[in-house]
Amino acid sequence: MSTILNQPLELSNGAVMPNRLAKAPLEECLANFGGGPPNNLHFNLYDAWAKGQWGMIITGNVGIDRRFLGIMFDVVIPDPADVTKRAEYMPAFKKWARICKGIDPNDARHDDPVASRGDRALVVAQLVHTGRQSIRCAGRAPWKPPMAPSAVPIKTSEESSFADKLLFGTPKELTVAEITDIIHRFIEGAVYCYEAGFDGIELHAAHGYLLSSFLSPSVNLRTDQYGGDADRRFRIIKEIIQGIRAKVPPSFVVGIKLNSGDFVRGGLSEEDALLHVKMLDQTKAVDFVEISGGTYEKPVFLDPKFMAESTKLREGLFTAFAQRCHTILPQESKLRLIVTGGFSTRRGMEEAVKKGDADGVGIARPATLEPALPKKLLDNAIPDAQAVQWEPSSPPFFFPRLPLTGAGWSMLWFTAQMQRIARGEQPEPNISMLSFFWHLLF
Ligand SMILES: Cc1cc2nc3c(=O)[nH]c(=O)nc-3n(C[C@H](O)[C@H](O)[C@H](O)COP(=O)(O)O)c2cc1C
């Protein structure tokens with residue numbers, strides 16, 4: 001019996017994933033405080049994933065603006081104008097790309113950044129601007145506001161809570177000049193990753209971060225060319241994609257992580273999300289879409305309790321949406337859909353691919369517990385292979401009981417597992433959070 005997950009997947013630009021399993025993005029929290037280049041801890045972690053037989057490895061989010069990070073310890077690409085810092089960080093980025101590809105960083109035979117695909121994972125760097133979800137002190141000074149299409153603050157409950165104000169605050173509405181600067185940073189970020197030897201980039205336009213908030217009618221209230229109907233809200237993404245394509249060769253993979261919906265009242269609807277997928281296809285410049293859903297206000301991508309019962313019963317949280325995407329895309333479309341969220345068994349993944357809902361399957365949390373999970377899933381000799389099923393421990397009594405911090409606690413727990421792998425240790429279900437914070441800070 002051979003598993004369909006073993007079949008290679010050709011993306012629209014001809015790049016090939018050797019199988020259908022993608023290591024979905026996971027913020028590593030391993031860089032220096034304030035954001036920095038990848039370091040030895042990243043190299044150890046990605047070495048473990050590189051040995052895991054993944055079809056694609058997507059990095060955790062890489063900031064394109066040091067002021068707006070997901071957390072204080074993210075990898076960041078220096079400002080386009082900071083030529084000195086860009087040159088200083090480049091060797092670490094090059095080493096990171098090579099390690100992800102499973103190539104000896106000192107092997108000069110592999111200098112062509114897009115050589116030898118099809119037999120190893122495609123290696124893709126995820127680029128992000130966190131927008132209104134930028135946490136205070138994660139790059140920006142605590143008194144500076146986050147940036148968003150419009151000045152709409154985050155509400156993780158009915159009203160904006162004290163925790164929301166403390167963590168985020170009210171964002172500043174971006175001027176057109178600031179939007180132009182952001183577009184430039186994304187484009188130059190992609191070029192930087194190309195020069196470092198990555199096979200491609202993925203724009204993070206899901207989970208409520210900046211690009212995702214532009215797509216959302218409840219956060220984007222603009223009346224200029226970047227706001228309005230689904231078409232105008234998509235404009236910033238279109239300009240970024242066109243700008244990237246003008247600067248990198250067609251063989252460089254351009255992907256995007258997109259929400260199937262925001263799951264908040266007035267937020268991005270499934271109908272608009274479908275239109276966005278159609279628009280992406282029409283650009284003929286995008287090779288894959290990774291499908292997810294939710295924002296910090298409703299983190300469905302981490303907690304399906306925010307979804308309808310029927311959806312929860314499915315193993316893949318967003319496969320129903322992916323199925324709808326295929327119905328609106330023209331037959332000849334080569335846009336590939338990678339669906340991430342909630343997959344844990346070989347059977348569930350096979351079903352999603354066999355039914356044609358997903359072209360590929362993204363796996364995030366299980367990859368922190370079993371970095372070489374594909375080896376198990378792709379080996380038919382192992383019956384009914386499934387991911388390790390550990391539940392994160394409960395938050396300690398002093399941890400605030402808010403929906404956002406609940407998801408945050410679970411993220412910390414999975415981050416702690418990545419930190420163990422990065423330090424050469426095995427994942428541990430009974431991890432001590434005290435030791436995790438110790439290693440995070442010192
Ligand atoms: C610790 C942690 C870090 C994450 N970091 C990112 C990230 O940097 N970028 C991103 O797009 N998604 C991120 N996610 C979300 C995952 O990519 C994925 O969408 C989500 O976990 C659902 O997939 P899963 O059920 O396979 O875990 C993160 C999730 C966790 C648990």
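Predicted model: local features only at pLDDT ≥ 70, side-chain atom pairs only at ≥ 80, totals over all residues.
Trainee: Let's start with the ligand. Which residues are the closest to it?

Mentor: The ligand is surrounded by 22 residues, and the closest are P25, E27, Q126, G342 and R365.

Trainee: How much of the ligand does the protein cover?

Mentor: On its own the ligand has 610 Å² of accessible area, and the protein covers 98% of that. Strand 4 (56-63), helix 12 (365-369) and helix 14 (403-422) are the elements that each give two or more residues to the shell.

Trainee: What kinds of residues make up that shell?

Mentor: Nine are nonpolar, ten are polar and three are charged.

Trainee: Now to S333. Why is S333 called buried?

Mentor: Buried means under 20% relative accessible area. S333 has 14%, so S333 is buried. This residue sits in the loop between helix 10 (319-328) and strand 12 (336-340).

Trainee: How do you know that S333 and D281 make a polar contact?

Mentor: Their side chains are joined at 2.8 Å, which is within the 3.5 Å limit.

Trainee: And the nonpolar cores? Which residues touch the most other members of the largest one?

Mentor: F93 and I237 do, in a core of 122 residues. Helix 4 (residues 176-196) gives the most to this core, with ten residues. There is also a second, separate core of twelve residues, including A15, M56, L122 and I338. In soluble globular proteins, nonpolar side chains tend to be buried together.

Trainee: What does F93 contact beyond its neighbours within four places in sequence?

Mentor: Among its contacts there are P37, P38, V62, Y192 and F198.

Trainee: I237 belongs to helix 7 (residues 235-245). Which residues of helix 7 are buried?

Mentor: They are I236, I237, I240, I241, G243, I244 and R245. These buried residues pack against several elements, including helix 4, strand 9 (200-205) and helix 8 (270-283).

Note on methods. Residues numbered from 1 in each chain as written. Heavy atoms only, no water. Near = heavy atom within 4 Å. Areas by Shrake-Rupley, 256 points an atom, 1.4 Å probe, with all protein chains shown as cover. Helix = DSSP H or I, 4+ residues; strand = E, 2+ residues; numbered from the N terminus. Nonpolar A, V, L, I, M, F, W, Y, C, P; charged D, E, K, R; others polar. Core = buried A, V, L, I, M, F, W, Y, C linked by side-chain atoms within 4.5 Å. Buried < 20%, exposed > 50% of the residue type's maximum accessible area, 1.4 Å probe, protein only. Contact = heavy atoms within 4.5 Å. Polar contact = N/O pair within 3.5 Å; in protein donor to acceptor, adjacent residues only side chain to side chain.
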